[in-house]
Amino acid sequence: MTAELPARSRIVADRLTEAGITGQIVMLPDAAATAAAAAAALEIEVGAIANSLVFISDGEPLLVMTSGAHRVDTVALAKRLGRASIDRASAAQVREATGQAIGGVAPTGHPTQLTTIVDEDLAQHAEIWAAGGTPHTLFPLTFDELVALTAGTVAIVA
């Protein structure tokens with residue numbers, strides 16, 4: 001099955017296997033580049049979608065895994081993290097940091113490990129879904145698996 005996935009998703013699938021995560025990447029017929037589109041395609045609550053958002057903070061990429069049910073409050077998050085600022089990354093910066101396009105950024109499979117913040121609200125869901133490296137691919141995992149996979153710091157992000 002992995003051989004049928006796009007190249008970026010095969011990288012993600014390999015990282016999931018290495019991490020012992022058993023959830024399989026699924027291919028959607030239509031792109032699901034937003035949390036609402038992904039939730040509709042999977043017929044789940046939008047809050048169970050783990051959005052992978054890339055920001056630039058203090059000169060380096062910062063990955064924030066947030067619930068699809070809300071937006072990141074960058075000012076408040078910067079204050080909580082003791083950072084000067086957190087600014088949305090451009091499409092080029094996202095691709096450079098992750099090797100993936102906006103709308104399909106996975107929590108793993110990047111050229112280097114990214115500093116990652118995981119939205120504590122995702123813990124409310126027994127199963128969450130994250131992008132699998134392209135806007136057409138998603139995979140399920142638990143909150144604890146997401147935190148371990150990303151070596152993330154759990155925080156309030158909204």
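Which residues of the largest nonpolar core touch the most other members? They are L141 and L146, in a core of 26 residues. A nonpolar core here is a set of buried Ala, Val, Leu, Ile, Met, Phe, Trp, Tyr and Cys residues joined through side-chain atoms within 4.5 Å. Buried means under 20% relative accessible area, exposed means over 50%, and partly exposed is in between, using a 1.4 Å probe and protein chains only.

A word on the model: it is predicted, so local features need pLDDT of at least 70 and side-chain atom pairs count only at pLDDT 80 or more, while totals for chains, interfaces and linings use all residues. Residues are numbered from 1 along each chain as its sequence is written, and side-chain values use heavy atoms, with hydrogens and water left out.

In soluble globular proteins, nonpolar side chains tend to be buried together. Helix α5 gives the largest share, four residues. Apart from this core lies another, of 11 residues, including L53 and I86. Helices (H or I, at least four residues) and strands (E, at least two) are DSSP runs, numbered from the N terminus.

Let us return to L141. Leaving aside neighbours within four places in sequence, L141 is in contact (heavy atoms within 4.5 Å) with I21, E127, I128, A130, L146 and L149.

**Strand β7**

Five of the five residues of β7 are buried. On one side sit T137, F139 and L141, with L138 and P140 on the other. In a regular strand the side chains alternate between the two faces of the sheet.

| Pair | Sense | Bridges |
|---|---|---|
| β1 (residues 26–27) and β7 | antiparallel | two bridges |
| β6 and β7 | antiparallel | four bridges |

Across these pairings, M27 stands opposite T137, and A130 stands opposite F139. The hairpin of β6 and β7 has five residues between the strands, and there G133 takes a positive phi near 105°.

**A look at S67**

S67 lies in strand β3 (residues 60–67). Is S67 buried or exposed? S67 counts as buried because its relative accessibility is 2%. The side chain of S67 reaches the backbone oxygen of G47 at 3.0 Å. Beyond neighbours within four places in sequence, S67 is in contact with G47, I49, D119, D121 and L122.

How values were computed:
A polar contact is a pair of N or O atoms within 3.5 Å; within protein, one must be able to donate a hydrogen and the other to accept it, and residues adjacent in sequence count only if both atoms are side-chain atoms. Two strands pair if DSSP finds at least two bridges between them.
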